[in-house]
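Open the structure in your viewer and keep the sequence panel beside it. The stops below say what to select and what is there.

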Amino acid sequence: MEVIILATPKAAAIAVGQIIQRLLDEKPRAVLGLATGDTARLLYRELVKRHLDWSRVTTFNLDEYIGLPPYHPASYHRFMWENLFTHTNIKKKNVHIPDGLAKDLQSYCTRYETQIRQAGGIDLQVLGIGRNGHIGFNEPTSSLSSRTRVKTLAPQTRKDNARHFDGKDRIPRHVITMGIGTIMDARRCLLLACGKNKARILSGAVEGPITSMNPASILQLHPTARIVLDEAAASRLKRADYYRWVFQNKPTWQKAYP
Ligand code: GLP
């Protein structure tokens, strides 16, 4: 696990933007796993500014609320098109976001897994983190080897995401999410997190035990996971100075950024 600490959310988003730009330069047909949320929005702003060539890129989003039509203001379909895809030359057929209106949810989830496999697997999975450690919508106690499936949201997540809905009763209780096993199959994982309200859960994910009570902690087992943080999100890491030292002293060829 490589921990990269940068001064501000903007600097963190620029770093991740640069890593993704390098991947698309090296592999124009890259398969990206994408996330949603306010942190991801910062990243997408940065990617849009870079005017990258998305014409051969394939994407798979982590998750979607069940029951929301794609045009719903809080749906992740709408989020992705408004914040990223509309501003790129990506082909619609190469965009995959779980369908929250799918009739047969179970077979839909199995098909999503097949589609990822048929695309050659995910080269780089972008992740955020929920305040309870969720990645995608894999809430605490999710199986660490789970695949794409339907999950019930934790009350805290519904509360945290209430700001995107008018009225707390309107927040769906169920979602489709890639599983933790699905995420771990990605060739690279990159978790971006900013802000003080993520500091506690991140210290557990990075420096605590691997446990389904903090699903992001599974990234300790990933061969090439990077955690990119701003100072506030890193503020409860005990070994922050060590991570900074390692980052500053990497061999040039091994550097993710700059
Ligand atoms: C949602 C998404 C997660 C994301 C999280 C963080 O819950 N399902 O994938 O990590 O939001 O959101 P924010 O960046 O807004 O804190």
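The tour starts with a pair of strands: β2 and strand β6 (residues 124-127) run in the parallel sense and are joined over two bridges. Keep in mind that this is a predicted model. To find one point of the pairing, select Gly33, which stands opposite Gln125 in β6.

Next, select the whole of strand β2, residues 31-34. Which way do Val31, Gly33, Leu32 and Leu34 point? Val31 and Gly33 point one way, while Leu32 and Leu34 point the other way. All four of these residues are buried. In a regular strand, side chains alternate between the two faces of the sheet.

The last stop is a loop. Select Pro69, found between β4 (63-65) and α3 (76-83). Is Pro69 buried or exposed? Its relative accessible area is 18%, and under 20% counts as buried, so Pro69 is buried. Show the surroundings of Pro69: leaving aside neighbours within four places in sequence, Pro69 is in contact with Ser75 and Leu101.

To finish, draw a distance from Pro69 to Lys196, C-alpha to C-alpha: the two are 33 Å apart in space and 127 residues apart in sequence.

Key: Residues numbered from 1 in each chain as written. Predicted model: local features only at pLDDT ≥ 70, side-chain atom pairs only at ≥ 80, totals over all residues. Heavy atoms only, no water. Buried < 20%, exposed > 50% of the residue type's maximum accessible area, 1.4 Å probe, protein only. Helix = DSSP H or I, 4+ residues; strand = E, 2+ residues; numbered from the N terminus. Pairing = 2+ DSSP bridges. Contact = heavy atoms within 4.5 Å.
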